[in-house]
Amino acid sequence: MLKLIREVLKVGQATLPYPFAPVELAPGFRGKPEYDPQQCIACAVCTIACPPNALTMHTDLEQGVRTWSLFYGRCIFCARCEEVCPTGAIRLGHDFELASFSREDLTVRAEFRLAACNLCGAYFASAKELEHVLALLDQAGLPPEDAADRKALLRACPECRRKTDLPRVKPLIQEAFNGRV
Amino acid sequence: MLLTEEKPKIGQKYVDALRQQFGWSILEEAWQAPDQVTVTVELNSLPSVVETLYYQHGGWLSVVAGNDERPINGHFALYYVLSVEGNEQTPQHEREKCYLVVRSLIPPRQMEFPAVTPRVPAAIWYEREVRDMFGLQPIGLPDERRLVLPDDWPEGLYPLRKDSMDYRYRPEPTTEDETYEFIDVEGEGIVQVPLGPLHITSDEPGHFRLYVDGEYIVDADYRLFYVHRGMEKLAETRMTYDQVTFLADRICGICGYAHNVAYSTSIERALGIAVPERAQYIRTILLEVERLHSHLLNLGLACHFVGFDTGFMQFFRVREKAMKMAELLTGTRKTYGMNLIGGVRRDILKEERVQTLQWIQELRREVNELVAMLLDTPNIVQRTQDIGRLEPKVARDYSPVGPTLRGSGFARDIRVIHPYCAYDRVPWTLTYKDGCDVLARTLIRADEFFESLSVVERCLDTMPEGPVLTEGFRYKPYAYALGYVEAPRGEDIHWSMLGDNQKLYRWRCRASSYNNWPPLRYMLRGNTISDAPLIVASIDPCYSCTERVTVVDVRKKKAQVVPYKELERYCIEKKDSPIKG
């Protein structure tokens, strides 16, 4: 009993003054995801990886708008979005105090323009994602005519791409099958 | 972990013995790993095969998985997973230890199978669950009540059948009342004491009914699964393989990482993925960090239930260091979100290693003092010795796991029997005691705490350099295997079958407490009701908390409601019985 009293006296106060003073967090602490819409290309990779469906993407093909949204109410701070993001647009910070009176405070949204197909005019992909891919092609060091060819192809929607591509590959296929097609 | 043909197959001799004894009833054998085999047997010999393995070859029932394989082979399937460890006549060093899965196919027009429970009591909950989830009737099962499905669930709706329902569907309740029938114990002066539906030790629901004669418990019955979350269905229909690791974390608020490792290893084993050495060590370290905070919590609760609340506060103060350790190593206080299929997501850096080693030394010193103080408390031994006895015979019949089993004289720990991660590469000692009582189980947890500290230390000292994640493998449809982990409360086991659409075809996850609940009834018998909370806490159950207690006097047909707080107070103070007068 005496030992216990000695221990209790030795330890003193163990409770922290939180929330009146901040708590000390480990350097690698995973807090709330911080989103940078400037960096985001709306490619939707994070929405596929997100285990609790906190990240969602809605594509409106009529209006040509893609809405990215993050609902912190569902977020489990796992950092899968940070891990898979190709442009570093989302990173986990240290903030974990999310209590709020309004559900809206827990939602982050960003809207992105869609690119229209240069042949049929239908919306098909995020404009920023397309720019990103075109810029990557510039970096790839392809011969100029080859690069121009591919860029033209990328500006078309998948449907038009198929249609324009078929006549071009037809001779190749015929060659492969010795003209039996 | 890579499966190659040349490796010797551990457990072949059990399969050969079965073939010899049952001849043509043994239809097929398939190896998932060098120490993991699935044997398909003819349905009628299922009970005999399971019984032979269980009692003649030293088998323990780990889990039973039902599976709707109609889209694959036109049948329903049952998988009885046994850890076969050799009988007592075999010399210790010759006992081969493997997981032997007994599989039987049930044609859809038949929809019934001979129950194993009359031969092996450990199967009781599993067969009740298979009936609830798939509508497969176990013929000869003595208990006809539902286990998992609520009483107001519609007849004939079996959630885990592939063609039954969407995971978001919530049928209308069919009745307003709770219709669950508790067992009937009759006799002169027997009184029923219902605890729940909101129950002892943790804040989750479960309905207990104690049958008492005066102060003594004659028998007990319980209804659990009030908060069944349908995780298996959710994983099978909505989530990808990597996403399920994050769901597995959330099976338990304490041993989440153990479930995560069990799930990940089941997939890795099914696909033959070699997990990097360093990742194996990191997993081992984190599993032990989890054991640290879990055991400190239970030791704290042991103090609380014998009325030593200062000790409870002190254990929780020290426990905070284990939580900080988890935060440092994983980025969250709960060792969550660390695994992907193929390894771990975060390495352990030098500063983190140094800090962890320092905290380990502090923890060792502080907990040493606290445990000494706990044992010096005059009433701890008096309150826990010979209380809540789990007789070795009952333990053998019901396959309980973890400290609950090791307290009854069985040296059975999955880390030793089926080593996974890095447990076979660092030296450590297994603790078991033969007191069979609450005291033995508490002391085992104290010993294991210090052993965990040593394991973390040794892993940090000896872990090899290198990558922590294997990538670039392909998923094979319908491959299946087991994953297992010795969580703080005992073996967590996952049986996973991959699908053909980047989703699991079937995921059966079994938490350790599932195997510890059925024998609890025998542990309560013969004790006074003031010891009931203490006994339930000694298995460290994963769910349930009693909100209030109703005392029913069968002879007078009179019910009396006692708040749970009152029963807890009675457990702590041992005076002024709430059911007197």
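Two strands pair if DSSP finds at least two bridges between them. Strands themselves are DSSP runs of E with at least two residues, numbered from the N terminus. With that in hand, let us look at chain A. Its strand β5 (residues 107–116) is joined to β6 by three bridges, and the two run antiparallel. Along this pair, A:A115 stands opposite A:A125 of β6.

This is a predicted model, where local features need pLDDT of at least 70 and side-chain atom pairs count only at pLDDT 80 or more, while totals for chains, interfaces and linings use all residues. Residues are numbered from 1 along each chain as its sequence is written, and chains are lettered from A and ligands numbered from 1 in the order in which they are written.

The pair belongs to an open, antiparallel sheet of four strands in chain A, in the order β2-β3-β5-β6. At its edges lie β2 (55–60) and β6 (123–126), each pairing on one side only. From one strand to the next, the twist averages 30° (axes are lines fitted to C-alpha atoms, and angles run from 0 to 180 degrees between N-to-C directions).

Now for chain B, which is divided into domain 1 (12–179) and domain 2 (257–268 + 275–470), with bounds from an automatic or database domain assignment. Their centres, taken over C-alpha atoms, are 31 Å apart.

Here are two sets of contacts, counted when C-beta atoms, placed from the backbone, lie within 7 Å.

| Side one | Side two |
|---|---|
| Chain A: 15 residues | Chain B: 14 residues |
| Domain 1 of chain B: nine residues | Domain 2 of chain B: five residues |
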